[in-house]
Amino acid sequence: MESRYNPAEIEEKWQKTWAELGLDKTQHDSNKPKFYALSMFPYPSGSLHMGHVRNYTITDAIARLKRMQGYRVLHPMGWDAFGLPAENAAIDRGVPPSKWTYQNIEQMRSQLQRLGYSIDWDTELATCSPDYYRWTQWIFLQFFAAGLAYQKEAAVNWDPIDQTVVANEQVDSEGRSWRSGAIVERKLLRQWFLKITDYAEELLNDLDKLTGWPERVKLMQANWIGKSTGAYLEFPIVGMDGKIAVYTTRPDTVYGVSYVVLAPEHPLTAEVTTTANKAAVEAFVKEVANQTELERTAEDKPKRGIPTGAKAINPFTGEEIPIWIADYVLYEYGTGAVMGVPAHDARDFKFAKDQNLPIKVVIVENNNVETQNFASPDFVSPKTAYTEAGILVNSQQFDGMNSSDGKSAIIEYAEQQGFGKARIQYRLRDWLISRQRYWGAPIPIIHCPECGAVPVPDADLPVQLPDNVELTGRGGSPLANLESWVNVPCPSCGTPAKRETDTMDTFIDSSWYYLRFTDAKNENQVFDKSKVNDFMPVDQYVGGIEHAILHLLYSRFFTKVLRDRGLLNFDEPFQRLLTQGMVQGLTYMNPNKADKDKWVPTSLVNAADPRDPKTGEPLQLVYATMSKSKGNGVAPEDVMAKYGIDTARMFCLFKAPPEKDLEWDESDVEGQYRFLNRVWRLVTDYVASGGSSAKNSKPLQVDKLTKIEKDLRRSIHTAIKEITEDVEGGYQFNTAISELMKLSNAVTDASCKDSRVYSEGVNTLVLLLAPFAPHIAEELWKQLGNTESVHQQSWLKFDPEALITDEITLVIQINGKKRGDLQAPSGLDKDALEQLARESEVAKKHLEGKEIKKAIVVPGKLVNFVVV
């Protein structure tokens with residue numbers, strides 16, 4: 001028997017035993033209910049950080065608890081392994097991306113296994129493995145067959161020096177490419193899209209089904225989908241057959257339209273521009289092409305525009321109005337054109353003021369209609385835009401209507417006249433999945449001059465990434481340069497054809513991985529329908545709030561498409577979602593510097609006199625999210641070496657509720673280490689005195705228990721009840737561990753060491769500790785004489801009878817101030833409690849010589865004597 005707590009020794013021993021016993025393997029016993037516990041799988045960057053540890057510890061505690069509660073648990077792990085970082089690292093190091101990636105996977109797998117998580121490693125997958133992306137490609141072809149994958153011209157960020165596409169995230173705040181430093185341009189390229197907009201309404205409506213998701217996440221998704229109800233209106237172009245289409249949610253303001261604005265890249269821009277304005281317009285279009293979408297739409301940037309010289313007709317008024325182009329209108333959004341109503345839109349108002357365009361009031365506040373002087377300067381030329389609903393004025397036959405009725409009436413009129421109709425529109429755009437990069441799943445399409453876009457036959461999947469590719473980070477897709485790979489015969493007609501050289505966005509890989517985990521080694525199909533329908537949906541998904549929109553929305557989209565293809569029978573992939581908070585560390589900050597430059601690594605600072613090593617300015621010490629750039633991280637292996645895995649787990653679970661940020665504090669880590677040492681001493685001292693679990697199996701004669709035994713048993717079953725409620729409700733592990741500490745104290749303080757109840761207390765403490773600190777719990781369970789694993793035991797249920805108290809602590813107050821207390825039988829009525837209090841030594845001492853005006857009795861709690 002170990003005389004002292006040695007985490008490293010017992011952790012290694014039990015991890016080996018668990019692996020030999022196969023405790024973490026997924027059971028397929030249909031007599032048991034299933035539970036699918038899943039952490040968002042990591043990108044294999046090479047090393048785990050404390051954010052990983054917190055995420056996986058939360059999920060592991062849930063998985064271990066559910067096994068003890070009788071569930072067959074699927075708790076898998078994999079690697080989100082494709083992506084630009086690996087390609088860039090490979091370029092920098094001169095090694096293939098696959099080698100760099102698999103080395104990182106090996107290292108991170110070893111770290112995860114060292115942490116002792118109850119992961120079923122038989123389900124492991126990596127998205128960069130051909131046996132995974134074979135099925136990613138197969139799923140793409142399902143979308144293609146359903147008409148949900150298509151190509152079209154789309155604007156991308158183009159680096160003119162490296163001659164390559166760069167992602168939005170690779171463009172800095174000055175609009176420069178992260179690699180070359182060149183000013184990024186906007187360029188039209190033929191790209192692949194998935195038609196997520198076909199599912200916009202269902203994705204929005206089904207948010208109501210997600211009762212286990214945080215409201216904040218559902219709101220973020222709803223806003224991203226951005227459903228709006230309005231009108232599609234057409235403004236004829238003077239002197240041309242064409243029309244400018246706009247979408248507006250405020251058709252009630254249409255009589256106030258004083259100009260229309262096209263996106264600079266709109267095809268009509270070149271068509272409508274007059275000869276006199278051509279040079280200025282072309283220069284403006286070129287200038288705007290160098291701006292990112294963020295720059296063009298930023299609220300704090302001035303809205304710039306230029307007239308085309310052309311005019312359109314407001315079909316409602318018959319008036320000719322100027323056609324402008326402006327940087328804030330994007331071709332990809334809506335119709336690529338907007339109607340300008342400066343009196344009732346703040347952005348339009350500022351633009352009209354800057355450009356000296358007419359401003360016409362057509363909506364007034366409800367209480368201003370009768371008193372409004374329509375000839376007043378404030379009405380003819382208002383000082384601000386009135387953007388609320390109100391009453392229509394200057395709107396011909398619609399004058400006097402409220403905005404709501406006006407919208408409906410104007411849309412109906414537009415439909416009757418043939419220049420508009422009602423429309424529901426979404427902010428959500430179709431998903432651009434093309435990437436002109438190497439390290440991703442190749443899009444399985446062959447372009448034939450005779451047949452067009454032809455899917456690669458299923459039998460020829462996967463379309464594997466070739467090894468002999470030169471990666472430079474410059475030029476177009478690296479795959480396009482490999483003619484032996486690109487040039488192939490058409491699968492349909494045999495004509496010489498070319499492979500698609502774009503690879504897929506890595507969000508594609510993570511949009512279905514949770515489905516593959518249910519049947520990870522299936523070589524013949526994407527997954528067995530019976531297995532995926534058995535274990536899905538995921539019962540508890542754990543990950544960061546940063547994935548609230550894209551990853552979670554795309555996963556929901558994939559699930560619905562695959563359902564409609566007959567591959568599965570559920571609507572949503574994740575029943576419950578827990579978005580855990582970040583791990584923060586103490587960090588030195590220079591408040592006088594810009595955000596990206598203000599953090600100073602701890603290693604560069606003299607703690608006695610913290611100053612910026614570059615400027616000498618005083619530094620502030622604050623909590624900030626751990627990261628390499630801030631130099632404030634804590635290496636998990638250092639924590640494990642010093643305190644052990646279970647201490648790190650306990651700290652991560654205890655320090656803060658899982659959805660809140662966690663502030664790393666070494667003293668709190670030490671506090672958990674001391675607690676585990678106390679539990680160790682309590683149990684080993686009990687065993688040394690002859691105690692064991694066998695003693696706990698003897699029948700308990702409740703009616704013969706002493707008061708001390710009853711009190712201890714009440715503490716035991718209170719702990720079982722409270723901990724169960726904490727972990728089953730909102731996974732409040734911090735309060736559950738607080739209850740464990742209370743139970744430990746109660747058992748330690750109890751004087752009935754030879755009692756059957758004391759044995760129950762020791763065994764209960766170890767069993768309840770198991771999901772949180774699995775290694776020490778297993779060791780202590782073995783020392784108590786048990787042969788089966790503690791993790792194979794059933795989760796305890798509390799005895800309601802044990803919670804009933806025979807006595808209460810009755811507080812005695814004089815004029816509202818506590819003067820003492822006494823033990824009283826439970827169940828006494830008010831009169832009996834008052835009599836007992838009057839006769840107590842406490843009352844006699846403090847009431848002597850005083851007149852009692854009245855006694856206030858709160859049954860079961862207190863007696864308060866009001867005296868003079």
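I take a residue as buried when its relative accessible area is under 20%. The model I am working from is predicted.

**Entry 1, overall count.** I began with the whole protein chain. I noted 28 helices and 33 strands in the protein chain. Its C-alpha atoms fill a box of roughly 105 × 80 × 65 Å along the principal axes. I then looked up burial: of the 868 residues, 52% are buried. For the accessible surface I have about 39,000 Å², with 49% belonging to carbon and sulfur atoms.

I looked at contacts with a separation of 6 or more; residues 24 or more positions apart account for 72% of them. On charge, I recorded 98 positive and 117 negative side chains. The centres of these two sets lie 3 Å apart.

Which residues of α27 are buried? In this helix, residues 830-838, I listed L833, E834 and A837 as buried. They sit on the same side of α27, because the arc they cover around the axis is only 100°. The general rule I had in mind is that an α-helix has 3.6 residues a turn, so residues three or four places apart point the same way. Next I asked what covers the buried residues of α27. I found that the cover includes the strands β30 (807-814), β31 (817-825), β32 (852-858) and β33 (862-867). Helix α28 (841-847) is also included in that cover.

How many disulfides does the structure hold? I noted zero. C493 is in no disulfide, and the nearest cysteine sulfur, that of C451, is 3.6 Å away.

Is W680 buried or exposed? I have W680 at 1% relative accessibility, so it counts as buried. I placed W680 in helix α21, residues 666-688.

Notes:
Residues numbered from 1 in each chain as written. Predicted model: local features only at pLDDT ≥ 70, side-chain atom pairs only at ≥ 80, totals over all residues. Heavy atoms only, no water. Buried < 20%, exposed > 50% of the residue type's maximum accessible area, 1.4 Å probe, protein only. Helix = DSSP H or I, 4+ residues; strand = E, 2+ residues; numbered from the N terminus. Arc of directions from axis to C-beta. Contact = heavy atoms within 4.5 Å. Disulfide = S-S within 2.5 Å. Areas by Shrake-Rupley, 256 points an atom, 1.4 Å probe, with all protein chains shown as cover. Lys, Arg positive; Asp, Glu negative; His and termini not counted. Charge placed at Lys NZ, Arg CZ, Asp CG, Glu CD.
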